Amino acid sequence: VRMSDSGSRAGGRTEGEPGSTWMRPPPRGKRDVVIGTRINTAVPVGGGGDEGCSLGAYMMLPPEQYVLIPLPNKAKLDRIDSGNFRLRVPELQFLNVWVRPMCEASVDVTPNGVVINVTKCHLEGSPEVERLGINKRYELQMRVVLSAREDTRGLKSVMVGRSDLSVWVDPPSIFRAMFPKRLMESTGNAVLRSSLNRLQETFLKGLAQDFELWASDASYRATRANAGEAKQPPQAAAAAKTTLSSQASGKEATPSKSPSSASSSSSSSKMSSEGAHAPQGSAVGSGKVSDAAADQKVTDKVANKVGDK
């Protein structure tokens, strides 16, 4: 695994690639304490899968088929509906306050990679979170792009993740009196960097293992396709069946785009150019109970498959 960020290591050396360091954006009014990080992670994946089951093909699957990957420290990813997910992030400690973010994100599959934009974020945590009105004092912007670098020589291909996270904060007056602005920013940067590094590394490792199983096991591909069909309209479900049938016969399927999937892609891409700001005091929307139950059954099947493999 290779990771890069300001101060991070990759392969035993500091990354010096252009654009590898997070650049602090300007303040937004009273939200003048700005923290953030940029994380680049690359995970090699094995080759030798079934015909037509390339890494590029895997990255173009509907997100419902491969986003339910295990996360560290009791982090949890749930599907709200097609293309929208809820992420519960582990507790984060900022100075003398701890928070547990609950984020909602849109997922858009594009030819250049899988684009994830956070659309809402609500903080739970220590009593100070509610007492000081922290949810009304920040804006958050986060964008993640997952992509593939395939080796045409049949050697190791690479799955790449790039995250950009910025948070604008208006600290309560008691924090401004107790802590210098520079200390608040350096502490915030360190906490975000460490947490996002671990989340992204674990997620990409799980995604790489899922790809290797998907590429070599036809029955597992069918299980994953069924997970996606549960939430797809009839046209998309039929297209998925056609793809699976073509893969089983060793032929490549001609990709088709249903009107509903085109609409979903267009809607999601509207947010992908600039990221998303968390509205003041935003609360996490409630997902459907039936969706969560269905996802849990699929997750259990996936876990059993990986264990058997």
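A search of the whole structure finds four aromatic pairs. Rings of Phe, Tyr and Trp (its six-membered ring) pair if their centres lie within 6.5 Å; planes under 30 degrees apart are stacked, over 60 edge-to-face, the rest tilted. The model is predicted: local features need pLDDT of at least 70, side-chain atom pairs count only at pLDDT 80 or more, and totals for chains, interfaces and linings use all residues. Residues are numbered from 1 along each chain as its sequence is written, and side-chain values use heavy atoms, with hydrogens and water left out.

Tyr-58 and Phe-211 pair edge-to-face, at 5.4 Å centre to centre and 65 degrees between the planes. This pair links distant parts of the chain: Tyr-58 lies in helix H1 (residues 55–59) and Phe-211 in helix H4, 153 residues apart. Helices are DSSP runs (H or I, at least four residues), strands likewise (E, at least two), numbered from the N terminus. Both Tyr-58 and Phe-211 are buried (under 20% relative accessible area, 1.4 Å probe, protein chains only). Together with Trp-214, they form one aromatic cluster.

The charged end of Arg-28 sits over the ring of Trp-168, 3.6 Å from its centre. The criterion is CZ of Arg or NZ of Lys within 6 Å of the ring centre and within 35 degrees of the ring normal.

The lining of the largest cavity has 38 nonpolar, five polar and three charged residues. Nonpolar covers Ala, Val, Leu, Ile, Met, Phe, Trp, Tyr, Cys and Pro; charged covers Asp, Glu, Lys and Arg; the others, Gly among them, are polar. A cavity is a set of points on a 1 Å grid over the protein atoms alone where a 1.4 Å probe fits but cannot get out; lining residues have an atom within 4 Å of a point. H4 supplies the largest share of this lining, nine residues.

Terms used
Buried means under 20% relative accessible area, exposed over 50%, partly exposed in between (1.4 Å probe, protein chains only).
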